[in-house]
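Hi everyone, thanks for coming. I'd like to walk you through a structure, so please have a look at the screen first.

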Amino acid sequence: MEIETLKTAVLIVGAGPTGLTLANILGQSGVDTIVIDRKETTVGEPRAVSIDDESLRTMQAIGLAGDVLKNVVTGYGVHYLTAPGGRCFAKVEPTASEYGYPRRNAFRQPLFEASLREGLARFPSVRMWFGHTLETFTQDAGGVTAAIRRADGGMVRVQADYMVGADGGRSPVRDMLGMRMSGSTFKSRWLVIDTENDDDPFWQTRVYCDARRPVVDVPGPHHTRRYEILIHPHEDADEAMRPERVAELLRPFRQGRATDIIRKVVYTFHARMADKWRAGRVFLAGDAAHLTPPYAGQGLNSGIRDAHNLGWKLAAANAGLISAEALDSYETERRPHAWALIRLALNLGMVMAPRTQFHAWFAQTFFTVTAYIPPIRDYFLQMKFKPKPQYAQGLLGPAPAAGQPPGGRGRMFAQPAVRTADGREALLDDIIGHGFALVGYGHCPALGHPLWRTLGAARICILPQEQEPQMAGLSLPPGAVAVCDKNGALRNFFAGREGQIVLIRPDRYIAGCFTPEQEAVFADAFSAALGHAAAQRRTPDAAYGQPQAQAEVNIKEGTAA
């Protein structure tokens with residue numbers, strides 16, 4: 001029997017948070033995408049429980065922030081205690097929201113994944129196949145050909161320009177590529193217990209830094225809670241999950257109160273990274289590319305960063321805006337930051353799970369003393385220890401010349417609240433849209449380089465607070481929008497950069513800054529970085545977006561016909 005062959009621009013293997021976020025980004029740009037997953041639907045059990053400000057900003061970028069936030073407890077902190085019933089020796093309670101959202105937030109992964117899956121219904125270019133398994137694939141200079149087993153046992157062949165393995169820490173895609181995971185030899189086992197109908201009113205995370213038995217207690221939305229309890233190397237995992245043993249381990253925290261347990265499992269936490277994230281036209285993302293211990297709550301969030309970075313670039317490559325070679329910037333940019341967060345998790349682990357009583361005493365004494373030293377106290381209290389999202393190399397414009405201000409090149413741009421000319425308040429990204437943007441502060445000069453038209457870059461003029469009365473009568477270049485820096489959040493960023501224009505990428509990172517006099521030099525250099533000499537605009541054909549091709553499958557969560 002002849003195997004049916006379908007064509008698409010991107011094939012995503014894995015419908016977890018990374019794969020679903022990536023599919024929403026591609027769908028938003030109208031990119032033909034197929035997502036497959038061997039499961040019958042998204043996960044039903046709680047897994048990740050922490051989502052940060054950067055990830056919520058990505059949800060905003062794909063138009064799902066409102067849906068996701070319905071099931072998120074925003075702005076919670078962490079209290080570090082010596083032991084159950086012991087003293088609190090340190091607190092992390094960040095109040096800043098530089099990127100538009102609180103830095104620490106609690107959520108439930110099943111609800112989160114459901115929102116991402118439902119979001120795909122907006123995009124006719126995205127096909128979602130659950131119960132489908134990647135059997136094998138080949139690739140050449142023209143694309144990837146994947147053999148996929150359907151839910152009914154039959155086979156379908158998918159030809160894609162690119163494939164992304166977002167299929168978890170035991171990634172079959174990574175194994176088929178022959179890529180190794182390497183890095184730290186760290187390995188730790190924890191009993192994870194998820195509960196519902198929780199009656200504990202305390203809404204901050206508690207970390208019991210007791211060398212005898214470290215425990216983490218995390219509140220969640222809708223009266224849920226998670227306990228993570230260290231299992232020592234000499235202890236048996238099966239014994240730890242016996243109901244009697246679970247009740248014994250929870251007794252110091254529940255004091256005999258009834259506990260509705262909905263899941264218990266022993267996880268082994270690792271700190272490892274794939275040696276390469278790209279092989280030809282195949283990419284790795286999320287846990288398939290990197291594994292991090294949960295102490296910093298960054299495993300899922302690192303995967304969402306991968307999705308946003310890779311997603312806008314695949315969409316741009318599909319539109320002919322960047323070359324295939326420019327996609328190498330995905331790993332160049334993401335690998336150092338992902339590894340920095342793994343190191344952060346390992347360092348936090350030394351505090352949260354001290355190996356000896358001496359290590360516990362030393363950490364607790366250090367934090368007790370620093371509570372009286374405001375600069376150090378605030379460094380921890382406001383989570384300034386978390387590595388900033390910043391790229392030293394990658395898909396960026398030219399670096400500033402010697403003696404010029406750095407301009408924030410490679411940093412994530414802040415997202416303050418702004419006020420529009422009609423008095424409406426909004427977050428800045430809602431004004432920018434989900435593409436490129438040229439942002440000026442206090443001015444909006446005419447820019448004429450053809451690259452900006454090619455990229456579809458929005459033009460945003462941000463006025464200082466004191467200039468808000470001038471908004472109504474402001475003369476702007478065609479297509480430009482003026483907003484007011486409502487709380488003065490961007491004044492410090494632009495101090496010393498007067499007259500500069502900031503180019504913001506679709507993932508909200510700063511590609512670079514330039515003055516109107518430097519426009520041509522900057523634009524030509526950035527155009528070269530995009531690979532415009534090699535990139536060609538695609539002419540749509542029957543393989544991409546024609547009605548007969550779409551008719552071959554049931555759109556969304558169906559199966560191949």
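Before we start, one definition: when I say that two residues touch, or are in contact, I mean that they have heavy atoms within 4.5 Å. Also keep in mind that this is a predicted model.

S115 itself belongs to helix 4, residues 109-119, and its relative accessibility of 9% makes it count as buried.

Now let me step back to the whole chain. There are 16 helices and 26 strands in the protein chain. Of its 561 residues, 57% are buried. And if you take the contacts between residues at least 6 apart in sequence, 72% of them join residues at least 24 apart.

A pair of aromatic rings is described by how far apart the centres are and by the angle of the planes. With ring centres within 6.5 Å as the cut-off, the count comes to 19 aromatic pairs. Let me show you two of them.

Take Y208 and F253: this pair is tilted, at 5.0 Å centre to centre and with 50° between the planes. Y208 is in strand 13 (residues 205-208) while F253 is in helix 7 (residues 243-254), so this pair ties together parts that are 45 residues apart in sequence. Are these two buried or exposed? Y208 counts as buried at 6% relative accessibility, and F253 also counts as buried, at 10%.

The second pair is W312 with F436. Their ring centres are 5.5 Å apart and the planes are at 90°, so we call the pair edge-to-face. Here is helix 8 again: W312 lies in helix 8 (residues 299-318), and F436 lies in the loop between helix 12 (428-432) and strand 22 (437-441), so the pair ties together parts 124 residues apart in sequence. W312 is buried, with a relative accessible area of 6%, and F436 is buried too, at 5%.

One more ring to point out: the charged end of R281 sits over the ring of Y162, 4.8 Å from its centre.

Let's turn to a hairpin. Strand 25, residues 501-504, is joined to strand 26 by 4 bridges, and the two run antiparallel. Within that pairing, L503 stands opposite G512 in strand 26. The hairpin has 5 residues between the strands, and there R508 takes a positive phi near 75°. How many residues of strand 26 (residues 510-514) are buried? The count is 5 of its 5, and the strand is mostly covered.

Last stop, the cysteines. A disulfide is a covalent bond between the sulfur atoms of two cysteines. How many disulfides does a search of the whole structure find? It finds 0. Two examples show why, with sulfur atoms within 2.5 Å as the cut-off for a disulfide. For C88, the closest cysteine sulfur is 9.4 Å away, in C209, and that is too far for a bond. C88 is partly exposed, with a relative accessible area of 33%. For C461, the closest cysteine sulfur is in C444 at 4.7 Å, which is also too far for a bond. C461 counts as buried, at 2% relative accessibility.

How values were computed. Residues are numbered from 1 along each chain as its sequence is written. This is a predicted model: local features need pLDDT of at least 70, side-chain atom pairs count only at pLDDT 80 or more; totals for chains, interfaces and linings use all residues. Side-chain values use heavy atoms; hydrogens and water are left out. Rings of Phe, Tyr and Trp (its six-membered ring) pair if their centres lie within 6.5 Å; planes under 30 degrees apart count as stacked, over 60 as edge-to-face and the rest as tilted. Buried means under 20% relative accessible area, exposed over 50%, partly exposed in between (1.4 Å probe, protein chains only). A charge sits over a ring if NZ of Lys or CZ of Arg is within 6 Å of the ring centre and within 35 degrees of the ring normal. Two strands pair if DSSP finds at least two bridges between them.
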